[in-house]
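Please keep the sequence and the structure in view while reading.

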Amino acid sequence: MVVGGGILGLATARQLLATHPDASVTVLEKEARWGAHQTGHNSGVIHAGVSYPPGSLKARLCRDGNASMVAFCRQYGLPVEVCGKLIVATSDAELPRLRALYQRARDNGLAVELLTSRQATDFEPYVRCVAALRVPSTAIVDFAAVADTLARLLLDAGATLRTRAEVRAIQVTSREVRVETTAGDVTGDVLVNCAGLHSDRIARLAGLRPPAAIVPFRGEYYQLRPERRSLVRGLIYPVPDPALPFLGVHLTRGIDGSVHAGPNAVLALAREGYRWGRISARDVAEVLSYPGAWRLIRRHARYGIGELRRSVSRRRFAAAVARLVPELTAADLCPAPAGVRAQAVAPDGTLVDDFLFVEARRQVHVVNAPSPAATSAFEIAKEIVARVDA
């Protein structure tokens, strides 16, 4: 049984059937459609794996996942474009970090290229930078369409797919796992938890104490007005600052031709809080009662205040965008749908930096799988099934 009908849960079900063709596989999804949360609320970027620590799961599974995701899309006729991206240094002070990023990308087995400012404008004519790192293997796709295709393939392969099946209780015995849902009870041999925003709760329902808790962060986006989309050809990212918890505002062209700016990152008032007006008393209470959340907030208070200011000011948001493409102004930005990142935070207030699995008898729980989980979905699925079979 797989809990969670996002791209990772569906990819895991597919891998289970590929590895155990005689098995009965059931996917339980609480929403009425597939990929309703993180899968359907992201920038659609198939990442290359540039910035992750060499040897980490993220580095390895993202690099391999980039290739397997592009191959899957081409095999099943899904629109995908390997457009590459630029990571740009906008000041001399950022050059050491850019060079370090170049070396990390090489250590991760990626083919990348350092560019001068003039060379960078050959790819992005309107970008402003002192140097750039080009990552040719970065691609774009519609991950929700990938999820829908996976669901169709699973049905054709004989899997049982249940929507509107929210998990209410889990009982694990030496012989079986029984899951009580709003669509009836399901019994099986193994439980795999790919519940994303609710993964820690599912683990606790199964009687485990995960080493981290999900703290939701809303990523807010704008999109460029259609007549200004020509200012961005592909993907333009800033050089990440390792001292800060998130990447910062960047520009991404979608597979549909739209161009998004963002995201900033603010603490969400609900795990599914895609709007400021969506507030969950339970979710807020859990964050406020979790020591790790308070330690994270104190550690990055100045950064968090900056993100909040940008959240309420289009002018501030536009200023962050203009660091990359100076011709863009607040008048060029229109509000776009937000996403929520399911970020696991340790009790000491540190962000869990890698994919995190918690295992027990008859159970595998994925309790941290933020970006690049969609990119890495097929490779994470292999990792999960290997743990199921261990």
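**The hairpin of S19 and S20**

Arg362 adopts a positive phi near 65 degrees in the hairpin of S19 and S20, where 2 residues stand between the strands. The model described here is predicted.

**Strand pairing in the hairpin**

- Strand S19 is joined by 5 bridges to strand S20 (residues 363-368), and the two run antiparallel.

- The loop between strand S18 (333-345) and strand S19 (356-360) contains Ala346.
- Is Ala346 buried or exposed? Ala346 counts as buried because its relative accessibility is 16%, and the limit for a buried residue is under 20%.
- Apart from neighbours within four places in sequence, Ala346 is in contact with Pro211, Ala212, Tyr290, Gly292 and Val352.
- Ala346 and Leu296 are separated by 50 residues in sequence, while their C-alpha atoms are 9.1 Å apart in space.

**The sheet of S10, S11 and S12**

- An open sheet is formed by 3 strands in the order S10-S11-S12, with antiparallel pairing.
- Strand S10 (167-172) and strand S12 (184-188) are the edge strands, each of which pairs on one side only.
- On average, neighbouring strands of this sheet are turned by 15 degrees against each other, direction ignored.
- The antiparallel pairing of S10 with strand S11 (residues 177-181) extends over 5 bridges.
- Within this pairing, Gln171 has Arg178 in S11 as its bridge partner.
- As a general point, side chains in a regular strand alternate between the two faces of the sheet.

**Helices H2 and H5**

- Helix H2 (residues 57-75) and helix H5 (residues 143-156) have axes that come within 11 Å and cross at roughly 65 degrees.
- How are H2 and H5 oriented to each other? Angles of 65 to 115 degrees count as roughly perpendicular, and H2 and H5 are therefore roughly perpendicular to each other.
- The crossing of H2 and H5 is left-handed.
- On the H2 side, Met69, Phe72 and Cys73 take part in the contact; they meet Phe143, Val146, Thr149, Leu150 and Leu153 of H5.

**Helices H1 and H11**

- The axes of helix H1 (residues 7-19) and helix H11 (residues 377-389) cross at roughly 55 degrees and come within 8 Å.
- H1 and H11 have a right-handed crossing.
- The residues of H1 that make the contact include Ile7, Leu8, Ala11 and Leu16, and those of H11 include Phe378, Ile380, Ile384 and Val385.

**Ser311, within helix H9**

- Ser311 is part of helix H9 (residues 301-312).
- Ser311 is buried, because its relative accessible area is 14%, and buried means under 20%.
- Which residues does Ser311 touch, not counting residues up to four places away in sequence? They are Glu220, Asn264, Val266 and Trp276.
- The side chains of Ser311 and Glu220 are also joined by a polar contact of 2.7 Å.

Terms used: Residues numbered from 1 in each chain as written. Predicted model: local features only at pLDDT ≥ 70, side-chain atom pairs only at ≥ 80, totals over all residues. Heavy atoms only, no water. Pairing = 2+ DSSP bridges. Helix = DSSP H or I, 4+ residues; strand = E, 2+ residues; numbered from the N terminus. Axes fitted to C-alpha atoms, helices over the stretch in contact; angles between N-to-C directions. Buried < 20%, exposed > 50% of the residue type's maximum accessible area, 1.4 Å probe, protein only. Polar contact = N/O pair within 3.5 Å; in protein donor to acceptor, adjacent residues only side chain to side chain. Contact = heavy atoms within 4.5 Å. Parallel < 35°, antiparallel > 145°, perpendicular 65-115°, else oblique. Left-handed = near helix turned anticlockwise from the far one by under 90°.
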